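Please work through the following exercises on salt bridges with the sequence and the model at hand. Each task is followed by a solution in steps.

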Amino acid sequence: MKVLLYTEGLRAIRKSGLGKAIEHQKKALDLAGVDYTLNKHEDYDILHINTYFIKSFFVAKVAKLRGKKVVYHAHSTEEDYKNGFILSKQTAKFFKWWLVSCYKIGDCLITPTPYSKKLISSYKHLENKKIYAISNGIDLDLFKKNSKKGKLFRKQYGIKDNEKVIVGIGLYIERKGIIDFVELAKRLPEYKFIWFGYSPLAAAGKNVVKAVNTKLDNLYFAGYVEQAEIRNALSGCDLYLFPTLEETEGIPIIEACACKTPSIIRDIPIFEDWLEDGKNVYKAKDVDEFEIKIKKILSGELPNLTKEAYKIAEERDLRNIGEKLKEVYESLNDNL
């Protein structure tokens, strides 16, 4: 059994969450001993396709005509497309139609969470599609608390030992909660706020542009950095803040769990079944609640939950993910 792992435009999406998920996927297959290729000109038995661009659609169509089994990875939904870049709200219905057109080709779909599985299975023409909920996973070899690297992060960003620093991660899009992140920096000048991640502001809405251009002594936009620097930041910060409005999974919160970083996230449906308020993370519904809980977490008024949070990361270790992907391929291979 040989798998073609096909991703269109990897260079363009490398810095996104999708790009990170695909890198995780490759390592997971290596760990599981799955024979795969990235070269579409090599022979293969199963096509595992990660992108929904035009070329990807036709690669999948050709594979079906050749009698190959197709796994379509459903990384995106209409719901997480909204509130993204300019005109995303206006084009969301078209985007959903295109996703369904792509996903219909698959003999089965893989999507990161039961939540995204529920959304996709509600789409017309996909109600009876076989869908597996498999996390994008976490590289526990990289993402683990490293106090030495955490100190280097604090030194690099000029953070004193007695200062509290809050980290956010994501693209410059409204859906990631960047506007609320900036608002909290305004309300809490006693803490430093650093946002990691980047996307062109030309594609962002005016409220996001205004937020990113906000000048505060305690607010810094670090731009895109490699994963090792994210690990360093999560090891050295005092709190990870994830005010996202919608996700299909949310890899950064799993990374924070792996680094045993105290975390507070928005209370939204995607996190209902696996992240519990007061057990492994803290949750807030709006900016006011974020403000109150952040103060309590950083003052020590609320207990540290990182021991329980680490269990979330362990369950999503790439070794486990690789075995789950292998099971999906084998189930299709049995029907070849």
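The exercises below concern salt bridges in this predicted model.

**Exercise 1.** Determine how D107 and K64 are linked, and what the link ties together.

*Solution.* Step 1: the closest N and O atoms of D107 and K64 are 2.9 Å apart. Step 2: a salt bridge requires a side-chain nitrogen of Lys or Arg within 4 Å of a carboxyl oxygen of Asp or Glu, and D107 forms such a bridge with K64. Step 3: D107 belongs to the loop between helix 5 (88-103) and strand 5 (108-111), while K64 is part of helix 3 (residues 54-65), so the pair ties together parts that are 43 residues apart in sequence.

**Exercise 2.** Is R154, the partner of D238 in a salt bridge, buried or exposed?

*Solution.* Step 1: the N to O distance between the side chains of D238 and R154 is 3.3 Å. Step 2: buried means under 20% relative accessible area. Step 3: R154 has 11% relative accessibility and therefore counts as buried.

**Exercise 3.** Describe the placement of R187 and E183.

*Solution.* Step 1: both residues lie in helix 8 (residues 178-187), four residues apart, which is about one turn of the helix.

**Exercise 4.** How many salt bridges does the structure hold?

*Solution.* The count is 25 salt bridges.

Technical notes: Residues numbered from 1 in each chain as written. Predicted model: local features only at pLDDT ≥ 70, side-chain atom pairs only at ≥ 80, totals over all residues. Heavy atoms only, no water. Helix = DSSP H or I, 4+ residues; strand = E, 2+ residues; numbered from the N terminus. Buried < 20%, exposed > 50% of the residue type's maximum accessible area, 1.4 Å probe, protein only.
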